[in-house]
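Open the structure in your viewer and keep the selection tool at hand. We will go stop by stop.

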Amino acid sequence: MWKPRPDEKPVSSNPMPQPNTPAPSAPATAAAPAKTNATFRAEVAAHIGKSVVVKGELSGSEDLYLDGEVEGTIELRDHSLVVGPNGRVRAHITAREVVVHGKVEGNVSGNERVELKRSCVLTGDIVTQSIVIEDGAFLKGSVDVQRESKTEARKAAASAGAGQSSAVALVGAQASFLEHK
Amino acid sequence: MRWFGGSAQVQSKPAVKSSTGQRSSRRSTGFTEFTRSLAGYKDLSVLDLGQTSSANITFLTQFGGRVYNEDILRDSLDPSYAIRLEDGSPSLDGEKFFAENLNYPENHFDAILCWDIPDYLHEALVKPMVERIRKSLKPGGILLAFFHTKDAGPDSPYCRYHIVNGDLLELEPRPDFRLQRIFNNRHIENLFKDFASKKFFLARDNIREVLVIR
């Protein structure tokens with residue numbers, strides 16, 4: 001359905017830099033200045049332009065900037081999704097990190113982080129580890145902030161070695177994550 | 001939650017003025033009591049009826065569970081709800097409004113933050129909203145509402161409430177709405193007559209805080 005732009009640089013394993021946003025507990029007023037459209041568009045691998053309409057299942061294993069219209073599901077698992085200011089999404093979204101400037105109608109699961117920019121209009125339920133909401137963003141739905149996730153458990157398991165105790169921690173965290181879904 | 005069925009107008013953010021005034025903070029005894037009551041819950045389910053506030057979501061998610069946000073005052077501005085009564089006066093279509101808003105299962109919430117929404121909401125929506133809220137609260141669930149004790153004109157602007165901590169709120173004046181009415185004690189008693197108990201706190205700034213238990 002969509003493919004990388006040929007003129008853009010090859011994708012690294014994690015081309016989406018951690019945005020310079022405040023910690024999730026910081027109030028909206030403390031948010032760092034939002035990146036310009038051009039900046040974050042250049043930082044992601046794939047780009048769906050504002051005239052593109054996609055109906056169906058959208059999945060991938062790279063970061064995506066979406067400024068068009070999507071109806072269905074979006075699944076990027078370990079990658080980032082940026083819904084641009086012109087983006088109109090009517091879909092369930094699953095990604096590692098979701099940044100919304102445009103309109104989304106559907107549930108959003110951002111495993112690590114969800115960020116609602118000031119122009120965002122989101123109708124749906126959010127499940128994430130951390131959320132940043134800029135002043136002016138509109139949310140109609142619920143927020144479920146999960147303090148533990150698979151990612152953290154993986155990191156813990158990696159740092160603790162491949163011992164049995166870390167494997168147990170990973171399983172425990174996964175169970176916890178699934179329970180909340 | 002409405003899914004894919006709403007009109008484009010409803011999905012879009014109704015146009016409101018964006019300029020805001022200077023924020024001020026106020027201590028709230030009602031909110032302190034409200035916060036205390038949340039401490040014992042497991043898998044808390046809270047509904048915030050004010051404008052989306054990062055601070056509120058951050059504070060309320062500390063208790064665990066899920067925080068719901070629905071800005072019904074802003075939703076009520078949607079022109080698709082506007083109707084004309086027989087005498088030609090403008091009103092809102094309550095049936096349509098509540099078909100698309102505040103649609104939650106019965107006995108769903110442990111707590112609801114109503115803020116001062118009833119003071120600013122259209123007359124046609126106030127009583128149905130309270131009834132809808134009552135049903136969605138669990139028995140024993142708690143609701144916090146604020147009511148102005150006098151119409152101070154520009155001194156009683158509509159405010160966004162941001163939670164600073166367990167007893168301090170930050171008020172951000174918004175020019176979007178005008179006070180619609182003043183509820184006196186009797187009106188408030190009547191409004192929440194189907195609830196189990198009501199507790200009033202009168203603050204110095206002409207705000208009556210009411211904690212209601214279903």
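## Stop 1: a three-stranded sheet

Select the open sheet of three strands in chain B, with the order β1-β9-β8 and antiparallel pairing. This is a predicted model, so keep that in mind at each stop. Which strands form the edges? They are β1 (24–27) and β8 of chain B, and each pairs on one side only. Ignoring direction, neighbouring strands of this sheet are turned by 35 degrees against each other on average.

Now zoom in on β1(B) and β9(B). They pair in the antiparallel sense over four bridges. Show B:Arg27: opposite stands B:Leu168 in β9(B).

## Stop 2: helix α2 of chain B

Select residues 29–38 of chain B, which form helix α2. Which of its residues are buried? They are B:Gly30, B:Phe31 and B:Phe34. Look down the axis of α2(B): its buried residues fall within an arc of 95 degrees, so they line one face of the helix. An α-helix has 3.6 residues a turn, so residues three or four places apart point the same way.

Next, show what covers these buried residues of α2(B). The cover includes β6 (109–115), β7 (137–148), β9 (168–174), β10 (197–202) and β11 (207–213) of chain B.

## Stop 3: helix α3 of chain B

Select residues 54–61 of chain B, helix α3. How many of its eight residues are buried? Eight of the eight are, so the helix is largely enclosed by the rest of the structure. Click along α3(B) to find the buried B:Ser54, B:Ala55, B:Asn56, B:Ile57, B:Thr58, B:Phe59, B:Leu60 and B:Thr61.

From chain A, β11 (131–133) and β12 (138–145) pack against the buried residues of α3(B).

## Stop 4: helix α7 of chain B

Move to residues 123–136 of chain B, helix α7. Try the distance tool on its end C-alpha atoms: they are 21 Å apart. At 1.5 Å a residue, the 14 residues should span 20 Å, which agrees.

Colour the buried residues of α7(B): B:Leu125, B:Met129, B:Val130, B:Ile133 and B:Ser136. They pack against α4 (72–75), β5 (90–92), α5 (94–100), β6, β7 and α8 (185–191) of chain B.

Zoom out to the whole of chain B. There are eight helices and 11 strands. Of its 214 residues, 37% count as buried.

## Stop 5: A:Val99

Switch to chain A, with three helices and 12 strands. Here 43% of the 181 residues are buried. Select A:Val99 in strand β6 (residues 88–100) of chain A. Is A:Val99 buried or exposed? It has 26 C-beta neighbours inside 10 Å, so it counts as buried.

Leaving aside residues up to four places away in sequence, A:Val99 touches A:Val82, A:Glu115 and A:Lys117. Then pick A:Val132, 33 residues from A:Val99 along the chain: their C-alpha atoms are separated by 9.3 Å.

## Last stop: confidence in chain A

Colour chain A by pLDDT. The mean is 71, and 57% of the residues reach 70 or more. Where is confidence lowest and highest? It is lowest in helix α3 (residues 164–180) of chain A, at a mean of 32, and highest in strand β7 (residues 103–105) of chain A, at 97.

Select residues 1–35 of chain A, where the pLDDT is below 50. Residues 160–181 of chain A also have a pLDDT below 50. Where pLDDT is low, the predicted coordinates should not be read in detail.

Definitions and conventions:
Residues numbered from 1 in each chain as written. Chains lettered and ligands numbered in written order. Predicted model: local features only at pLDDT ≥ 70, side-chain atom pairs only at ≥ 80, totals over all residues. Buried ≥ 20, exposed ≤ 12 C-beta atoms within 10 Å, placed from the backbone. Helix = DSSP H or I, 4+ residues; strand = E, 2+ residues; numbered from the N terminus. Arc of directions from axis to C-beta. Contact = placed C-beta atoms within 7 Å. pLDDT = per-residue confidence, 0-100. Expected span 1.5 Å × (residues − 1). Pairing = 2+ DSSP bridges. Axes fitted to C-alpha atoms, helices over the stretch in contact; angles between N-to-C directions.
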